[in-house]
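Me: Hi! Could you walk me through this one while I look at it?
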Amino acid sequence: MCGFSGYFGSIRDGRPLLGRMTAAIAHRGPDEQGIFTSPEAGLGHVRLSIVGLGDGQQPMSDASGELTIAFNGEIFNYVELRDELRAKGRRFRTSSDTEVILHLYDEMGEECVSLLNGDFAFAIWDARRRRMMLARDRMGVRPLFYAAHAGTFYFASEVKALLEVPGISAEIDPIALDQIFTLWAPIAPRTPFRNILELEPAHLMIVDQRGVTTRPYWQLRYPDWDLPSAYVDERSAAEELRALLTDATRIRMRADVPVGAYLSGGLDSSIVSALAAGMTPQGLRTFSVTFDSAEHDESAFQLEMAAALGTRHSAIASRTGDIARVFPDVIRFTERPIIRTAPAPLYQLSGLVRETGLKVVLTGEGADEVFAGYDIFKEARVRRFCGRQPGSRIRPHLFRKLYPYLPGLKQQSPEYLAAFFGAGEEPLDDPLFSHRPRLKGTSATKLFFSGDLRAELKDYDAADELISRLPPEFGGWHPLHQAQYLESRFLLPGYILSSQGDRMAMAHGIEGRFPFLDHRLVEFAAKLPPEMKLKGLTEKHILREATKDLLPAVIGKRVKQPYRAPDSHSFSGSGELDYVRDALSEEAIAAGNLFNAKAVAKLHEKCRSRPAAGFRDNAAFVGILSTQLWLQTFTGSSIRKSEAA
Amino acid sequence: MTQAIKEKVKAFIVENFLFGDTSYELGDTASLIENDIIDSTGVLELVAFIEDQFGIAMADADIVPANLDSLARISAFIEAKAVPVTA
């Protein structure tokens, strides 16, 4: 796990430039730094040493010196791949997974990515073919950004490295901002930085003298709804699931340093911790976040699970005010505005792990996408159920069952519940049916956009763009699979794995590993019939069945509690910090010209005086504050550059 | 009476849910939910406003879109509740 940067093109002073670019992402690799340059290309690397501690330095060249790689991540099946390559007569000089990629590329060219099971982003400079190959893992765990400037192609693990290139500067992309304030994340390859893009998950890119070509090497697909399922027997499906998940965890324990685990107290991280504990004879270390507010805190479950597994458990408290304290740093690492504060406690958590000396943690991330755990899947099912009997006063009561943790919903009449969720009114064949209430609720935050920004975006619709990105087969999938695709293909890489995942962990040089996102498991789960995943309104049914012997009953039967953190209240609960006042001041808002200053002032006052703000107000507050911090951090001021500049 | 009630409710909606955005053309019969003006927490804020400002105790059965989902409906509801109907 590391960070890298590089370029393709002839530039003067490539080495000092790479030195500055890699220094900008030094947090990703505090152990070593390396630079490679040739007349046509350059690579820089910062290393977090996990596999091949003594001989895995990068950039790494092959024996011929013609192939050179800079690699961020892990190839979990590198042991098996290396054995196969050795059987073909290949000789290895190091014990690292990095060298395995080099040999595979030498054998197969860019097709080598299809054999890799891992979380990775890498660049290979191929001097023979005078081309740079870039690739990113299937689910989007590891990041890779790029930009072209003055005839040279630049790339890096984080945008802040690209901003070291003379001539590349930060400017907000209004369409990305609209996407964040609608979908929670930009639609890749777009980023919040105008003219800076990201390589999409499961894509590879070739850059040579002819230009840039990009293509997917893997695609998430679900079976046609009309065809009989490949799995009819639940017991055998559960056994296969267990075998796959166990192996996915086993190969993710591979490291030359100790591996720990995040333990939220929910089903998914408990399963992963239980499997990992069984593979750690010396005892597993587990880590979690606790909250002051009972609404967010899960510490009782965390302690119960840690005791059941006998792990050495550490927790960090995210107290009122902590989120506000770390939030500017959080935005410096997310490199994008966010509408929830949930990444902030994870930033604190990775700091705790770092203090203990560990570098690697397993987490339960991905299970909700892969096995249909999120409330949004159940909500869509209830909305369809209500849609069959519009006007029913009984059916909408189910919405209350879905969201027991949302106080605003508890007291609503069935008529209001139906109205809020659009039950019975929206076309059932809408490709975004499952997500419409979320999109509608989030889009309401655009009320705060400035007149100029609204005018600039007047013909743009983020939901329409999302629809345009769906594969042709999408319409033939079961509604649950459509909803799973939307979560897995867009929100997972665009927010969960990035703003909440890689960026928060790597801020403190911690590598997260995600057994549920092993592509073998993802492909297996996609083929399961929907009712094995969401059985009635019980989420992740097959996963519970497959792992019930691993967990105490109280954990195994827990209803999904989404990971959330206090939002606007975090910034006013224990005295407002100066930066919040400054970022939301009328002058700063007017200077940024992205939001309506008077409306923001009223929102600010409302959130200060009434801590129990609703979703729209909370999301707007966090979104506006994070956008203002983004402007300050990356443009050096809160003033947006004009179109003409 | 109706006009005065309507103006007072409109001022509350503009201030509290539209954050002073007077450029928004809030039609008398426009749905507050469909136009993304109000969410589930907002409904409770609206109920508190009606109870505080007009001295009306709202029963659970009163808190339905038929009474509260537009400026016209809210005004009519308040007027009906505030003025006892004589047989």
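Reply: Happy to. Two residues are in contact if their C-beta atoms, placed from the backbone, lie within 7 Å. Helices (H or I, at least four residues) and strands (E, at least two) are DSSP runs, numbered from the N terminus. This is a predicted model, where local features need pLDDT of at least 70, side-chain atom pairs count only at pLDDT 80 or more, and totals for chains, interfaces and linings use all residues. Residues are numbered from 1 along each chain as its sequence is written, while chains are lettered from A and ligands numbered from 1 in the order in which they are written.

Me: Great. What covers the buried residues of helix 28 of chain A?
Reply: The cover includes helix 25 (569-572), helix 27 (586-592) and helix 29 of chain A. Buried means 20 or more other C-beta atoms within 10 Å of the residue's own, exposed means 12 or fewer, and partly exposed is in between, with C-beta atoms placed from the backbone.

Me: And which residues are buried in helix 28 of chain A?
Reply: Ala599(A), Val600(A), Leu603(A), His604(A) and Cys607(A). Down the axis of helix 28 of chain A, they fall within an arc of 140° (taken from the directions from the helix axis to the C-beta atoms), so they line one face of the helix. An α-helix has 3.6 residues a turn, so residues three or four places apart point the same way.

Me: Which exposed residues does the face turned away carry?
Reply: On helix 28 of chain A, those are Glu605(A) and Ser609(A).

Me: Switching topic: where does the UniProt "active site" annotation fall?
Reply: The unreviewed entry puts it at Cys2(A); such annotations may be inferred rather than shown by experiment, feature names are shortened, and positions use the numbering used here. Cys2(A) lies in strand 1 (residues 2-8) of chain A.

Me: Is Cys2(A) buried or exposed?
Reply: Cys2(A) is buried, because 33 other C-beta atoms lie within 10 Å. Leaving aside neighbours within four places in sequence, its contacts include Arg28(A), His45(A) and Asn72(A).

Me: What about Ala463(A), where does it lie?
Reply: Ala463(A) is in helix 18 (residues 462-468) of chain A. It counts as partly exposed because it has 18 C-beta neighbours inside 10 Å. Not counting residues up to four places away in sequence, Ala463(A) touches Thr182(A), Leu432(A) and Leu439(A). Ala463(A) and Thr182(A) are 281 residues apart in sequence, yet 7.7 Å apart in space, C-alpha to C-alpha.
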